[in-house]
Structure formats: structure tokens, C-alpha cells
Amino acid sequence: MKKFITTIATALVLATSINVQAGFIDIELSSNTVASGDSINVSLWADSFSDFDAMYFDFEFDNSLFAYQAPSLQSELPAFDGFLGLEVTEQFYGLSLSFLDFDAFTDLNLDGDNKFLIASFDLLALSSGNSSFSITNQTAGLFNPNTFDVDPQPVDTSTPQSASAINVPEPSSFAIFMLSALMLVRRKKQ
């Protein structure tokens with residue numbers, strides 16, 4: 001009997017521990033090097049999330065090197081409508097992303113992979129330098145109307161990514177002058 005109770009207890013512990021799975025947020029960059037004046041695309045992918053109706057986290061980067069381009073924002077989450085939805089706010093450390101809806105969000109993909117796009121946006125390279133991109137202060141879960149707080153689920157993040165913005169040297173005026181002179185000489189010979 002003692003063995004039977006131990007077996008049942010072990011099975012219950014395993015069954016409940018298997019269901020505790022952390023959601024995962026991954027950072028994808030379109031490139032690790034970009035010329036000043038060009039844009040880099042950032043995609044934030046979520047995987048293995050349980051149903052949630054609230055999420056917030058910070059996306060940190062050097063905003064003296066990169067500037068957020070709001071019109072490029074895309075997401076599989078409902079957009080912010082002034083009260084509910086995904087909102088992206090510029091901060092001194094980068095971006096703050098928050099989502100609130102009164103209906104629990106479930107995976108939009110019906111293929112069973114439980115992966116969805118939280119946000120995709122462009123960052124314009126302002127000057128040369130190197131920046132790290134990381135996610136901090138992440139929370140997701142179901143909003144509890146009794147406590148006005150979020151009952152959190154575990155959320156893990158990928159390792160920080162990095163990208164460099166480089167200055168592309170402009171051709172010197174002398175080189176442009178020499179090229180035009182060669183073109184004139186060639187034209188006269190014809």
C-alpha cells in the first residue's frame with residue numbers, strides 16, 4: 001500500500017511539473033551590420049506561451065545609435081486602440097512593449113507550433129557604433145481583476161543579440177573629378 005501511494009504521489013508531481021512550461025521570447029535581427037542611415041529589422045518571437053491577456057517587457061538597445069521607426073511595427077497581437085492591445089513606447093533605454101486585452105490570447109497558428117510574432121519593427125542606424133539588444137523585466141500572464149495585477153507565468157528570453165552600425169565612406173571629390181576627366185578624354189578620342 002505504501003508503494004502504491006508513493007507511485008501515485010510521484011505521478012501527480014510529474015504531471016503537474018510537466019505542465020509548468022516557460023514561455024520563450026527570441027530576438028531575431030535581419031543583419032548584424034548596417035550602414036549609418038539604413039535600417040535593421042528586429043523581430044520578437046514568442047514560443048510555448050500559455051493563454052495570457054497581459055504581457056509587458058523592456059527591449060533595451062543604445063538609442064543614441066538606433067532610432068525606432070513606428071510606422072514599420074507589425075504584430076500578430078491586436079494593435080493598441082487607446083486602451084487595449086499591443087503598445088510600443090520609446091524610453092531612454094530603448095522600447096517598452098505592453099499588451100492588455102480582456103480576452104485571453106491564444107496561439108494564432110493552427111499548425112500546433114505555438115509560435116507567434118509579438119512585434120517586428122525597423123531601427124534606423126543613426127551613427128557608427130555597436131549595440132546590444134536584450135529583453136528585460138518580462139512578465140506575461142492572466143490579469144486578475146481582484147488584485148489588479150497579473151498572475152504571472154514563467155517567461156525566458158534568448159541571449160542578447162548585437163549589431164554594428166558603420167559609416168560608409170563617401171568618395172572623395174578628387175576621385176569624382178578624375179573619373180569625370182577620364183570620361184571627357186575618352187569622349188574626345190571617339
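The legends below accompany several close-up views of a predicted model.

Because this is a predicted model, local features need pLDDT of at least 70 and side-chain atom pairs count only at pLDDT 80 or more, while totals for chains, interfaces and linings use all residues. Residues are numbered from 1 along each chain as its sequence is written, and side-chain values use heavy atoms, with hydrogens and water left out.

View 1. Let us start with the strands, which are DSSP runs of E with at least two residues, numbered from the N terminus (helices are runs of H or I with at least four). Two strands pair if DSSP finds at least two bridges between them. Strand β4 spans residues 52-60, and β4 pairs with β7 (residues 94-105) in the antiparallel sense over eight bridges. Within β7, Leu 95 stands opposite Phe 59. Six bridges join β4 to β9, again antiparallel. Seven of the nine residues of β4 are buried, so the strand is largely enclosed by the rest of the structure; here buried means under 20% relative accessible area, exposed means over 50%, and partly exposed lies in between (1.4 Å probe, protein chains only).

**View 2. The hairpin from β6 to β7.** Here, β6 (residues 85-91) meets β7 in an antiparallel pairing over seven bridges. The hairpin that joins them passes through two residues. Look for Gly 85, whose bridge partner in β7 is Leu 100.

**View 3. Gly 141, a buried glycine in strand β9.** Gly 141 sits in β9, and its relative accessibility is 1%, so it counts as buried. Ala 54 has Gly 141 as its bridge partner in β9. The C-alpha atoms of Gly 141 and Phe 52 are separated by 4.7 Å, although these residues are 89 residues apart along the chain. Setting aside neighbours within four places in sequence, Gly 141 is in contact (heavy atoms within 4.5 Å) with Phe 52, Asp 53, Ala 54, Val 150, Asp 151, Pro 152 and Gln 153.

**View 4. The largest nonpolar core.** A nonpolar core is a set of buried Ala, Val, Leu, Ile, Met, Phe, Trp, Tyr and Cys residues joined through side-chain atoms within 4.5 Å. The largest one has 36 residues, and those with the most contacts inside it are Leu 44, Phe 49, Phe 59, Phe 66, Ile 118, Phe 121 and Leu 123. Strand β8 (residues 115-125) supplies the largest share of this core, with six residues. In soluble globular proteins, nonpolar side chains tend to be buried together. Beyond its neighbours within four places in sequence, Leu 44 has contacts that include Phe 57, Phe 59, Leu 97, Ile 118, Phe 121 and Ile 135.

**View 5. Ser 158 and the segment around Ile 27.** Ser 158 lies in the loop between β11 (155-157) and β12 (161-166). With 12% relative accessibility, Ser 158 counts as buried. Its side chain reaches the backbone nitrogen of Ile 27 at 3.2 Å. Apart from neighbours within four places in sequence, Ser 158 is in contact with Phe 24, Ile 25, Asp 26 and Ile 27.

**View 6. Two non-glycine residues with positive phi.** Ser 48 is not a glycine, yet has a positive phi of about 60 degrees; it is found in the loop between β3 (39-47) and β4. Asn 137 also has a positive phi, near 50 degrees. Asn 137 has its place in strand β9 (residues 129-144) and, at 53% relative accessibility, counts as exposed.

Definitions and conventions: A polar contact is a pair of N or O atoms within 3.5 Å; within protein, one must be able to donate a hydrogen and the other to accept it, and residues adjacent in sequence count only if both atoms are side-chain atoms.
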